[in-house]
Amino acid sequence: MMKLLYTVLLLLIFIPGFARRGDKEAYKVYNGKGHCVGYDDLLKSAAKSDIIFFGEMHNNPICHWLELEL
């Protein structure tokens with residue numbers, strides 16, 4: 001029983017530390033050739049376009065935020 005208690009305590013200590021890592025990107029942008037490009041490249045291409053088509057995952061707040069920003 002004590003071993004289980006120690007395991008649970010260790011998990012409660014370490015899991016929040018892994019969850020708070022800020023090094024993961026919220027999104028990636030790809031060009032028509034499938035290469036990863038920066039957000040500035042997306043803005044430059046969008047400024048030259050008459051129509052912008054959004055393919056999105058419904059109920060994804062990051063997709064909706066990017067649409068709003070663009």
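This is a predicted model: local features need pLDDT of at least 70, side-chain atom pairs count only at pLDDT 80 or more; totals for chains, interfaces and linings use all residues.
Helix H2, residues 39-47, and helix H3, residues 61-69, each give at least two residues to the lining. The space inside the largest pocket comes to about 360 Å³. In all, 16 residues line the largest pocket, and Leu42, Phe53, Phe54, Gly55 and Leu70 are the closest to its centre. How is the lining divided by class? There are 11 nonpolar residues, two polar ones and three charged ones.

Is Leu42 buried, partly exposed or exposed? Leu42 counts as partly exposed, because its relative accessible area is 26%, and buried would mean under 20%.

**Aromatic rings**

A pair of aromatic rings is described by the distance of the centres and the angle of the planes.

| Pair | Centre to centre | Angle between planes | Type |
|---|---|---|---|
| Tyr27 and Tyr39 | 6.3 Å | 70° | edge-to-face |
| Tyr27 and Trp65 | 6.4 Å | 50° | tilted |

Where in the chain do the partners Tyr27 and Tyr39 lie? Tyr27 belongs to the loop between helix H1 (2-19) and strand E1 (29-30), while Tyr39 is part of helix H2; the two residues are 12 residues apart, and their pair links distant parts of the chain. In the other pair, Trp65 comes from helix H3 and Tyr27 from the loop between H1 and E1, so this contact ties together parts that are 38 residues apart in sequence. Taken together, the ring pairs join Tyr27, Tyr39 and Trp65 into a cluster.

**A residue with a positive phi**

Most residues other than glycine have a negative phi. Asn59 has a phi near 65°, a positive value in a residue other than glycine. Where is Asn59 placed? This residue lies in the loop between H2 and H3. Asn59 is exposed, because its relative accessible area is 72% and the cut-off for exposed is over 50%.

**The whole chain**

Now step back to the overall plan. The protein chain has three helices and two strands. Reading from the N terminus, the order of the elements is α-β-β-α-α. What share of the 70 residues is buried? Buried residues make up 7% of the chain. The accessible surface of the protein chain is about 6700 Å², and carbon and sulfur atoms account for 63% of that surface.

The average pLDDT of the protein chain is 81, and 86% of the residues score at least 70. Which elements have the lowest and the highest confidence? Confidence is lowest in H1, with a mean of 71, and highest in strand E2 (residues 36-37), at 92.

Key: Residues are numbered from 1 along each chain as its sequence is written. Side-chain values use heavy atoms; hydrogens and water are left out. On a 1 Å grid over the protein atoms alone, a cavity is a set of points where a 1.4 Å probe fits but cannot get out, and a pocket is an open set with protein on both sides within 12 Å along at least five of seven lines; lining residues have an atom within 4 Å of a point. Grid points are joined across faces, edges and corners, and a volume is the space filled by probe spheres set on the points. Helices (H or I, at least four residues) and strands (E, at least two) are DSSP runs, numbered from the N terminus. Ala, Val, Leu, Ile, Met, Phe, Trp, Tyr, Cys and Pro count as nonpolar, Asp, Glu, Lys and Arg as charged, and the others, Gly among them, as polar. Rings of Phe, Tyr and Trp (its six-membered ring) pair if their centres lie within 6.5 Å; planes under 30 degrees apart count as stacked, over 60 as edge-to-face and the rest as tilted. Buried means under 20% relative accessible area, exposed over 50%, partly exposed in between (1.4 Å probe, protein chains only). Accessible areas come from the Shrake-Rupley method with a 1.4 Å probe; for residues, only the protein chains shown count as cover. pLDDT is the predictor's confidence in each residue, from 0 to 100.
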